[in-house]
Amino acid sequence: MSQQAQRKESIQDTTIVDTDVHLSVPAKEVAKYTDEPYRSHMANTGYAPLPSSGWDRNLAGKIEHYTVQSPEDVQQRLCEEFQIDYPILNATSKLPRLPQSDLAVNLMSAYNDLLIDQYLDEYNHFYGLASLATQKPDKAAEELDRLGDEDQIVGAYIATTGPNPPLGDPEYDILYQAAQDNDIHIAYHGSGGAFMFEFPRQNQSFEKFIEVHTMAHTWSQMMTLSSLLVHGVPEKFPDLNFTFLEAGIGWIPMMMFRLNKEYSIRRSEAPLLKKSPEEYIREFYFASQPIGEANDPTHMKQLIDMVGVDALTFASDYPHWDFDHPDALEQYLSTFDEEGRQKVMYKNASDAFALEL
Amino acid sequence: MTDHIVASVDELEEGGRIITQLNGREICVFNIDGEYYAYNNWCAHQAGPVCEGNITGTTEASFDPESLEVSLEYCHEGEILNCPWHGWEYEVKSGKCLSRQKVQLPSYPVRIEEEEIIVTL
């Protein structure tokens, strides 16, 4: 066991659910689960078969490139090294960016079959998020119906950087209805990869990835959250839980208070809402990663207090280069009681995705 | 304070490093240009295995207010230790963090006696 695995007892003794664990699935591997002509496309193209951002994420050799390509990788490098008891795995974030909607639909079931076959069937304490292609909401709904009986599929992963129109639009209602019918809860996830193409034109003039990555996830999630509330999605689907991954938590109080103000003035533009935006947002779940790094740690504690221990879940984002170790969040939880700590480390995630721990 | 023999000098070539367990801690000794440095293998950020990271250079910039031009320089090649987890940069000769002024890797005295590398802990 490495020194890094020998953590303080509070981490070792705590049950931890990790809501955001990314697999790195090679194109040739997912090709096995697709039909022709997509199988040949995925297996043989000389180009990257899925959209790629082109950024140098390894900082020209300054950062190690980690990948997770087997269930043993997840078990050893994440569960044992970081003391994660229940990782919630996702297989791809790129489907909503594919211009070829027929390919996206075919890959949707391919990634989900691969996730179940190669990962969830191997370890009972692994859970998974089904990847959805948002281009064809009716096909995504069919996929959720197909996966409804899979006990270890606990949520649907929807990439928020790319879908057009924004994800509160009524064209997605069929998708949300199927998710609610099948007790598969929603997890939204932004990305730096699509940000340069999908958002306003000024994005395209960012010259450094640090600019893109600071903005991309948060902006995507803010747009999604605004769209959900204004279209009344939480009122339409009251049994559905919504989790927001990988945008940190600093943006949440701002959205609560700004939407409260806007709603007071322009309630008639969001007539499905029955209470203040803040009250809906407090029923959503938000993953901690990337945890902010304030110069004054008391500011982070205040921020966690504002978001609330009923809403916060732990996420590592492993194996990506900006992942968080559980310690990064845990150090800020000392001011909360044991119940609050347990909510953040596993109970909220268990509630959000109806896990059977 | 106790002396610990880590290795003989011919076991640690220039540019190399040795990670060893001393008193329950992972201590890494680097040989940079014939000088020896010892640090905890414990990053100040999220406690990653900092001493296992790549040693590279870094980029610095200067701004000339006369010409309004920024000059980039890739410098300190072989002198910057990057934590493999998140890329926090440290000067391998001083343990100083490049992005946080008050952050420094804990270091230990290293000396050579009779061709042996000795760390005092």
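I looked up the largest pocket, which has a volume of about 1,700 Å³. The model is predicted; local features need pLDDT of at least 70, side-chain atom pairs count only at pLDDT 80 or more, and totals for chains, interfaces and linings use all residues. Residues are numbered from 1 along each chain as written, chains are lettered from A in the order written, and side-chain values use heavy atoms without hydrogens or water.

I noted the pocket terms: on a 1 Å grid over the protein atoms alone, a pocket is an open set of points with protein on both sides within 12 Å along at least five of seven lines, and lining residues have an atom within 4 Å of a point. Volume is the space filled by probe spheres (1.4 Å probe) set on the points.

Of the 42 residues lining the largest pocket, I listed those closest to its centre: Leu59(A), Ile63(A), Ile210(A), Trp321(A) and His86(B). I found that α9(A) gives the most to this lining, six residues. By class the lining has 16 nonpolar, 15 polar and eleven charged residues.

Next I took the second largest pocket, with about 950 Å³ of space. Its lining has 16 nonpolar, 19 polar and six charged residues.

I then turned to chain B, where an open sheet of three antiparallel strands has the order β5-β6-β7. Helices (H or I, at least four residues) and strands (E, at least two) are DSSP runs, and strands pair with at least two bridges. I recorded nine bridges joining β5(B) to β6(B). Thr56(B) stands opposite Ile80(B) in β6(B).

How values were computed
Nonpolar A, V, L, I, M, F, W, Y, C, P; charged D, E, K, R; others polar.
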